[in-house]
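Me: I'm new to this one. Can you walk me through it while I look?

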Amino acid sequence: MNEEIAFVPSEQVAAAPLTSVTRWTSAAARAVYELPFNDLLFRAHSVHRENFDPNRVQLSKLLSIKTGGCPEDCGYCSQSARYATGLNASKLMEVEHVIAEARKAKEGGATRYCMGAAWRSPKQRDMEMVVAMVEGVKALGLETCMTLGMLSSEQAESLAEAGLDYYNHNIDTSKRFYGEIITTRSFGDRLETLENVRQAGIKVCAGGIIGMGETAEDRIDMLVTLANLPAPPESVPINMLIPIPGSKLADAPPVDPIEFIRIIALARILIPASHVRLSAGRKGMSDELQALCFFAGANSIFVGDTLLTAANPGEDRDSSLFHRLGLAPEAMSTVE
Ligand code: SF4
């Protein structure tokens, strides 16, 4: 048999109306994920161009406003008090300090300032300070994002009133695999917080982590869950696990870079109009891997040499990479 006739011509694969799908099934998403690599990248990049300037990347800066000592047991995290990761816990940072750091980030070109606290959920006494942080950072002309753990609808409303633009709460993985990684709160708890945030009128930032021992099916289903939310997240961070010594996932095997690019491409196709952020793990990625992720549809990164508690590429390496790739930071007016 002539093997060539067994192949679907690339033009047909690339022309199928996948972007018109509004509710994804696992099977349909898997069929896209398993396309020949070149077809998948061509399709993802085409979707990317339809929705964004492909040569612009949104820059966010992340600050840990309260580090370590978290009661949750997320198996990947350096900040869980349940693992001996060697991290020193700190108290909630002073509001003035946070605003001074945000000012520096703005001077460095960041358009969004993300503030993260290692909490199960904020206590009522913390809310006054985080509200003041949102107001102060917002007054600098930056977009604001927070990640504080689970939020009640009242807490989400307080943050919305303060002017919070985004709330980050990752679903991490598929519903099926979730219990292998976290036992102190459920997948349903995560979705409830996302709903509270959405109802309060705050934009949603939600993604997950690749490399925790999950299968390709888990990765695909994580994206299907996000794509099928009542409104998909405006921002989708895709993290590559950084194995933390002492954590449950300290010995997790490395992720195949080709599979990682496939997930970025699938995120772009399933959630076409949202920013897909190449998030944790970038320091360990080659320039070529990052370049292919940008081609596949990633269009947001964290800048600065620290990401909460993990290392991130320094600004010199990022600006050199941007220069070599002809990429430029996205202006705030086009940021979602
Ligand atoms: S809730 Fe956040 S800070 Fe706490 S262990 Fe989980 S990922 Fe880490």
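Reply: Start with a term: two strands pair if DSSP finds at least two bridges between them. Strand 6 (residues 208-210) and strand 7 are joined by three bridges and run parallel. Keep in mind that this is a predicted model.

Me: Which residue in strand 7 is the bridge partner of I210?
Reply: M240 is the bridge partner of I210.

Me: How many residues of strand 7 are buried?
Reply: Six of the six, over residues 235-240.

Me: And which way do they point from strand 7?
Reply: S235, P237 and N239 point one way, while V236, I238 and M240 point the other way. Residues on both sides are buried. In a regular strand, side chains alternate between the two faces of the sheet.

Me: New topic. What does UniProt list as "binding site"?
Reply: The annotation, from an unreviewed UniProt entry, covers C70, C74 and C77.

Me: Where is C74?
Reply: C74 sits in the loop between strand 1 (56-66) and helix 4 (95-107). C77 is also in the loop between strand 1 and helix 4.

Me: Is C74 buried or exposed, and why?
Reply: C74 is buried because it has 24 C-beta neighbours inside 10 Å, and the cut-off for buried is 20 or more. C77 is buried too, with 24 other C-beta atoms within 10 Å.

Me: What is C74 in contact with, leaving aside neighbours within four places in sequence?
Reply: S80, I181 and I182.

Me: Which residues are around the ligand?
Reply: C70, E72, C74, C77, Q79, S80, A118 and G149. The annotated C70, C74 and C77 are among them.

Me: How does that shell split by class?
Reply: Four residues are nonpolar, three are polar and one is charged.

Me: Something else: what about the phi of D172?
Reply: D172 has a positive phi of about 75°, although it is not a glycine. D172 lies in the loop between strand 4 (166-168) and helix 7 (175-181). D172 counts as buried because 22 other C-beta atoms lie within 10 Å.

Me: Last thing, the confidence. What is the mean pLDDT of the chain?
Reply: The mean is 89, and 90% of the residues reach 70 or more.

Me: Where is confidence lowest, and where highest?
Reply: Confidence is lowest in helix 1 (residues 10-15), with a mean of 45, and highest in helix 10 (residues 257-270), at 98. Over residues 1-20 pLDDT stays under 50. For that stretch, the model has 14 contacts beyond four places in sequence.

Key: Residues numbered from 1 in each chain as written. Predicted model: local features only at pLDDT ≥ 70, side-chain atom pairs only at ≥ 80, totals over all residues. UniProt positions renumbered as here; feature names shortened; annotations may be inferred. Helix = DSSP H or I, 4+ residues; strand = E, 2+ residues; numbered from the N terminus. Buried ≥ 20, exposed ≤ 12 C-beta atoms within 10 Å, placed from the backbone. Contact = placed C-beta atoms within 7 Å. Near = placed C-beta within 6 Å. Nonpolar A, V, L, I, M, F, W, Y, C, P; charged D, E, K, R; others polar. pLDDT = per-residue confidence, 0-100.
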